[in-house]
Structure formats: C-alpha cells, structure tokens
Amino acid sequence: VVIVAAVRLVLGTLIGLYSGYFSNWFSRILDWAISGALTIPVMMVALGAIAMMGTAWGIWSFIIGLSITGWVETARMVRDTTISVRGQDFIEASRALGASSRETITRHIFKHILPMVWMLFAFEISSAMIVTAGLGFLGYYIGGDVWVDVDDFVARRISGTSELGQLLATSWERLNEPQAMVLVGSIGCLIVFGFNLLGEGFRKQFNKRM
C-alpha cells in the first residue's frame with residue numbers, strides 16, 4: 001500500500017505540476033487525461049489490469065493496476081494549486097529576472113506544493129488500502145494466494161501472504177461465528193480512519209502556512 005501510494009503521489013505531482021504551469025499542447029493532453037481518468041473507477045481499472053497481467057507479475061501487477069488511474073486525484077489538486085500560484089506577482093518577478101521554467105517550479109512553486117504533498121500521501125495510503133481490501137474480498141490477493149476447502153466452512157491457505165481483504169473474504173463464510181469478520185473489518189476501518197485523520201492534520205497545517 002505504501003509503494004502504491006508513493007507511485008501515485010510521484011506521478012500525480014509531476015503531471016499536476018506540468019499541466020498546471022505550462023500552456024502547450026502536451027499540457028492540454030495531460031488535462032484531458034486527468035479529466036478522463038476522473039471518470040473511471042480505480043477498482044475497475046485495477047481488476048482489469050491484474051486479470052490481464054496475472055499472478056506471474058506478483059506484487060507488481062497490483063502496483064501497476066492501482067496506479068494506472070490512482071494518481072488522478074493528486075494530479076488534479078496539484079494542478080489547481082499550481083495554476084493559482086502561477087498567477088502570483090513573485091512568479092512574474094522570477095520570470096522577469098531571467099529564471100527558467102525549471103528554476104521557477106523548483107524554487108517557488110514546489111515550495112507551495114510540498115506541504116500539501118504530505119497530506120496527499122496520507123490520503124493516498126488510506127485510498128489504496130480500501131481498494132486493496134476490496135480486491136482481496138473479491139479474490140485478488142497480493143502474492144497470488146491460494147485457499148483449499150478441506151471441510152464444510154473450513155479452508156487452509158497453501159500459499160501467498162495474508163492481508164485484510166483476504167481475511168474478510170474467508171471469514172464471511174462462518175456467519176454463525178462473525179467475530180473474525182467484525183474484528184478484521186474494525187481493524188481496517190481504524191487504520192483507514194487513522195490515516196484520514198493524519199491527512200486532515202496535514203491539511204490544516206498546510207492551510208496555516210498558506
């Protein structure tokens with residue numbers, strides 16, 4: 001989940017910075033890509049990508065599947081912030097003094113984006129965890145997990161790495177003993193809630209600095 005969040009964050013930040021700062025044909029293509037990716041559910045894209053790549057790719061199939069369109073929210077927020085910062089007087093002064101676009105982005109604009117990046121990273125972790133748990137519930141486990149039924153309501157794991165989505169997918173079969181399902185679901189909710197609170201704290205700090 002952390003790797004997926006980091007990949008999403010890097011892609012979204014780079015795409016958002018370029019599309020928000022520049023006004024050329026490539027930035028317009030990126031704007032169209034952001035608008036198009038916002039309309040596609042991440043779960044559907046991840047399911048399709050993981051199904052096509054299969055278990056041979058291992059964890060990379062999950063990283064690629066969850067990152068194909070997962071970066072779009074970060075890119076949209078970074079682009080909007082970049083557009084608002086780009087019109088400030090100190091950006092015009094930087095250009096008038098002969099600074100290149102790369103220097104203006106790295107020295108001025110990115111400093112305004114950096115506090116928001118930590119907030120987005122926390123939100124990306126919680127978002128990726130929710131989708132990963134959903135994939136596990138549908139039977140797509142990280143590591144190509146395999147379960148074999150050995151008796152009524154009894155199964156044994158013979159490969160793979162356990163995760164919350166996988167535990168939810170197998171615990172619902174024992175409806176007469178729902179303690180495992182409630183426990184796993186509560187832990188998942190607490191983890192996601194914790195990262196959302198962390199992201200909210202970063203957002204408040206970011207607003208204070210701005």
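Which residues in H3 meet which residues in H4? The legends below start with that contact in this predicted model.

**View 1. Helix H3 packs with helix H4.** H3 covers residues 42-53, and H4 covers residues 59-67. Two packed helices are described by the angle between their axes and the distance between the axes. Here the angle is about 145°. The axes lie 8 Å apart. H3 passes H4 in a right-handed crossing.

**View 2. Residues at the contact of H3 with H4.** From H3 come Val42, Val45, Ala46, Ala49, Ile50 and Met53. They meet Ser61, Phe62, Ile64, Gly65 and Leu66 in H4. By class, nine residues of this contact are nonpolar and two are polar. No charged residues take part.

**View 3. Helix H5 and its span.** H5 runs over residues 72-86, which makes 15 residues. At 1.5 Å a residue, the helix should span 21 Å.

**View 4. The buried residues of H5.** Val72, Thr74, Ala75 and Val78 are among the buried residues. Arg79, Thr81, Thr82 and Val85 are buried too. The buried residues of H5 pack against helix H1 (2-21) and helix H2 (25-38). They also pack against helix H6 (89-96) and helix H7 (101-137).

**View 5. Arg79 in helix H5.** The relative accessible area of Arg79 is 14%. Buried means under 20%, so Arg79 counts as buried. Leaving aside neighbours within four places in sequence, Arg79 is in contact with Gly16, Ser19 and Gly20, as well as Asp31 and Ile34.

Terms used
Residues numbered from 1 in each chain as written. Predicted model: local features only at pLDDT ≥ 70, side-chain atom pairs only at ≥ 80, totals over all residues. Heavy atoms only, no water. Axes fitted to C-alpha atoms, helices over the stretch in contact; angles between N-to-C directions. Helix = DSSP H or I, 4+ residues; strand = E, 2+ residues; numbered from the N terminus. Left-handed = near helix turned anticlockwise from the far one by under 90°. Contact = heavy atoms within 4.5 Å. Nonpolar A, V, L, I, M, F, W, Y, C, P; charged D, E, K, R; others polar. Expected span 1.5 Å × (residues − 1). Buried < 20%, exposed > 50% of the residue type's maximum accessible area, 1.4 Å probe, protein only.
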